[in-house]
Amino acid sequence: MGLLIRVVYLSEVNIASGDLLPQLRAIHDVSTHHNREADISGVLLFSHRFFVQLLEGPRLRVTETLGRILADHRHDNIRLCLAREVHARMFRSWSMRLVNGDPNFRLNDTQRTFDPSLATADEIMEMIERGCVPDGQGRTLVAAG
Ligand code: FAD
């Protein structure tokens with residue numbers, strides 16, 4: 001197996017609210033196809049305001065994919081939070097997950113909604129581990145979609 005990398009970014013949703021569902025579906029469909037072909041796994045978290053995405057896979061493939069994502073006008077103010085080589089994946093496949101109202105994706109008890117804009121990379125990784133990979137052993141993504 002070649003070198004694997006993991007990247008995490010956060011961004012702000014730039015989709016009119018009436019258009020949100022069809023656009024999210026379009027992102028889901030194209031990403032499922034491309035990511036499977038490129039051997040990329042991970043998760044895309046979204047609320048009505050923010051995306052947080054973790055991508056992992058061969059570094060050339062992840063970089064190519066990130067290039068397309070960065071140029072996509074359906075989000076803006078994209079901030080890279082983490083990019084590192086890894087020895088093993090956290091996720092076996094790629095999926096999307098709505099995190100509105102999920103307490104696992106709040107930074108602290110006073111935060112009412114999902115707002116990762118001030119979170120550190122460690123805090124974002126903790127949210128992902130807490131909300132997406134609860135068993136910590138099999139690294140199985142629970143409640144995807
Ligand atoms: P095409 O589908 O031919 O698109 C050409 C251009 O139009 C691109 O700039 C594209 O960004 C834009 N575009 C495409 N469809 C629409 C649409 N329905 N409405 C408005 N603009 C559109 N792709 C992946 O492969 N893997 C991912 O993990 C992934 N995650 C994403 C996460 C987010 C938050 C967003 C916003 C997009 C994501 N995408 C992902 C989609 C990615 O940005 C590309 O649209 C997609 O990979 C197809 O690229 P393409 O070069 O084949 O172009």
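I take the expected span of a helix as 1.5 Å times one less than its number of residues. Helices (H or I, at least four residues) and strands (E, at least two) are DSSP runs, numbered from the N terminus. The model is predicted, so I note that local features need pLDDT of at least 70 and side-chain atom pairs pLDDT 80 or more, while totals for chains, interfaces and linings use all residues. Residues count from 1 along each chain as its sequence is written, and side-chain values use heavy atoms, without hydrogens or water.

**Entry 1: helix 3**

I began with helix 3, residues 121-132. It has 12 residues and reaches 16 Å from its first C-alpha to its last, close to the 16 Å expected at 1.5 Å a residue.

Which residues of helix 3 are buried? I found Ile124, Met125, Met127, Ile128, Gly131 and Cys132. Buried means under 20% relative accessible area, exposed over 50%, and partly exposed in between (1.4 Å probe, protein chains only). Seen down the axis of helix 3, the buried residues fall within an arc of 155 degrees, so they line one face of the helix. That arc is taken over the directions from the helix axis to the C-beta atoms.

I then looked up what covers them. The cover includes strand 1, strand 2 (41-46), strand 3, strand 4 and strand 5 (94-98). Contact here means heavy atoms within 4.5 Å.

**Entry 2: the cores**

A nonpolar core is a set of buried Ala, Val, Leu, Ile, Met, Phe, Trp, Tyr and Cys residues joined through side-chain atoms within 4.5 Å. The largest one has 20 residues. Leu45, Val52, Leu54, Phe91, Ile124, Ile128 and Cys132 touch the most other members. Strand 1, strand 2, strand 3 and helix 3 each supply at least two residues of this core. Helix 3 gives the largest share, five residues.

I checked Ile124 by itself. Leaving aside neighbours within four places in sequence, Ile124 is in contact with Val8, Leu10, Val52, Cys81, Pro116 and Ala119. In soluble globular proteins, nonpolar side chains tend to be buried together.

Strand 1 covers residues 4-13, and nine of its 10 residues are buried. Two strands pair if DSSP finds at least two bridges between them. Strand 1 pairs with strand 3 (residues 50-58) in the antiparallel sense over nine bridges. Nine bridges also join strand 1 to strand 4 (residues 75-86), again antiparallel. Val8 has Leu82 as its bridge partner in strand 4.

Is Ser11 buried or exposed? Ser11 sits in strand 1. Its relative accessibility is 0%, so Ser11 counts as buried. Its bridge partner in strand 3 is Phe51. A polar contact of 2.8 Å joins the side chains of Ser11 and His75. I count a polar contact as a pair of N or O atoms within 3.5 Å; within protein, one must be able to donate a hydrogen and the other to accept it, and residues adjacent in sequence count only if both atoms are side-chain atoms. Beyond four places in sequence, Ser11 touches Arg49, Phe50, Phe51, His75, Asp76, Asn77 and Ile78.

**Entry 3: strand 2**

Six of the six residues of strand 2 are buried, so strand 2 is largely enclosed by the rest of the structure. Ser41, Val43 and Leu45 point one way, and Gly42, Leu44 and Phe46 the other way. In a regular strand the side chains alternate between the two faces of the sheet.

Strand 2 pairs with strand 3 in the antiparallel sense over six bridges. A hairpin joins the two through three residues. Phe46 has Phe51 as its bridge partner in strand 3. Strand 2 also pairs with strand 5, in the parallel sense, over five bridges. There, Leu45 has Arg97 as its partner.

**Entry 4: helix 1 and its ends**

Helix 1 (residues 20-37) has 18 residues and reaches 26 Å, close to the 26 Å expected. Leu20, Leu24, Ile27, Ser31 and Asn35 are buried in helix 1. Their cover includes strand 1, strand 2, strand 3, helix 2 (59-70) and strand 5. Just after helix 1, Asp39 takes a positive phi of about 60 degrees.

Gly18 is in the loop between strand 1 and helix 1. Gly18 is exposed, with a relative accessible area of 77%.
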